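Hi everyone, thanks for making the time this morning. I'd like to walk you through one model, so please have a look at the sequence and the structure before I start talking.

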Amino acid sequence: MEEDGEASLIDRAQKVIGRVDDVYKHESFDSLKQVFEVLSQQPDSAVARQDLQTQLDAVDDIFEEMIHEYHGAILDNSKRHGEVLELYQGLSSKVEQLSSDIDEAKRLLRFKGAESLLQLRFESARLKHLVRLIDDVKTLHEVPRRVQ
């Protein structure tokens, strides 16, 4: 929709500029010379001035409209940029919080895992000791039979 508005504005600007006298469109335009020519036209000077004023007003109107649309586009882009920046900052803080939470979870899991391993090691040592004690009791129990 904006592109249609821009195309319409450009078309209107081209039409307005097309109605401006060719003498004013040249790069080598000499305004002082043109002012003298307009003022020297005694019978038509008021009409020539009015014609110039009409052309100037039309060009000024289209120029103001173009500037207004340009500023509107800049304002819209600034707002979007601000929104994107806010989203980025929000996501950045959430990513930092998530990273911190993951590090804390790793620390807790490592601690629980180490504790479990330590308990299993003690249990294994205790069971090995019990097995040796049972073997010793069996050996002691068999000693009287061997002696006989």
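**Salt bridges and overall shape**

Let me begin with a pair of side chains: R107 forms a salt bridge with E104, and their closest N and O atoms are 2.6 Å apart. By salt bridge I mean a side-chain nitrogen of Lys or Arg within 4 Å of a carboxyl oxygen of Asp or Glu. R107 and E104 are three residues apart in helix α3, which means that about one helical turn separates them. Helices here are DSSP runs of H or I with at least four residues, strands are runs of E with at least two, and both are numbered from the N terminus.

Before going further, a word on where this comes from. This is a predicted model, in which local features need pLDDT of at least 70 and side-chain atom pairs count only at pLDDT 80 or more, while totals for chains, interfaces and linings use all residues. Residues are numbered from 1 along each chain as its sequence is written, and side-chain values use heavy atoms, with hydrogens and water left out.

Back to our pair. R107 is partly exposed at 43% relative accessible area, and E104 is partly exposed too, at 34%. The cut-offs are these: buried is under 20% relative accessible area, exposed is over 50%, and partly exposed is in between, with a 1.4 Å probe and protein chains only.

How many salt bridges does the structure hold? It holds three. Another one brings together the side chains of R126 and E123, at 2.8 Å from N to O. R126 and E123 are also three residues apart in helix α3, so about one helical turn lies between them. R126 counts as partly exposed at 45% relative accessibility, and E123 is partly exposed at 34%.

Then there is R12, which forms a salt bridge with E65, with the closest N and O atoms 2.2 Å apart. R12 sits in helix α1 (residues 2–19) and E65 in helix α3, so this pair ties together parts that are 53 residues apart in sequence. R12 is partly exposed, at 35% relative accessibility, and E65 is partly exposed at 29%.

Now let's zoom out. Which elements does the protein chain have? There are three helices and zero strands, and from the N terminus on the order is α-α-α. The radius of gyration is 47 Å, well over the 15 Å that the globule rule gives for 148 residues, so the chain is more spread out than a compact globule. For the record, that radius is taken over C-alpha atoms, and the globule rule is 2.2 Å times the number of residues to the power 0.38. Along the principal axes, the C-alpha atoms fill a box of roughly 160 × 30 × 25 Å. Buried residues make up 7% of the 148 residues.

Q55 is one of those buried residues, at 12% relative accessibility, and it lies in helix α3. What does Q55 touch? Leaving out residues up to four places away in sequence, Q55 touches R19, V20, D21 and Y24, where a contact means heavy atoms within 4.5 Å. R19 itself lies in helix α1 and counts as exposed, at 58% relative accessibility.

On the surface, L127, L130 and L133 form a nonpolar patch with about 240 Å² of accessible area together. Patches are built from residues with over 30% relative accessible area and no salt bridge, joining like charges within 9 Å and nonpolar side chains (Val, Leu, Ile, Met, Phe, Trp, Tyr) within 5 Å. The areas come from the Shrake-Rupley method with a 1.4 Å probe, and for residues only the protein chains shown count as cover. L133 belongs to helix α3 (residues 45–147) and is partly exposed, with a relative accessible area of 41%.

Last, confidence. The mean pLDDT of the chain is 83, and 92% of its residues reach 70 or more; pLDDT is the predictor's confidence in each residue, from 0 to 100. Where is confidence lowest, and where is it highest? The lowest is in helix α2 (residues 31–40), at a mean of 72, and the highest is in α3, at 88. Where pLDDT is low, the predicted coordinates should not be read in detail.
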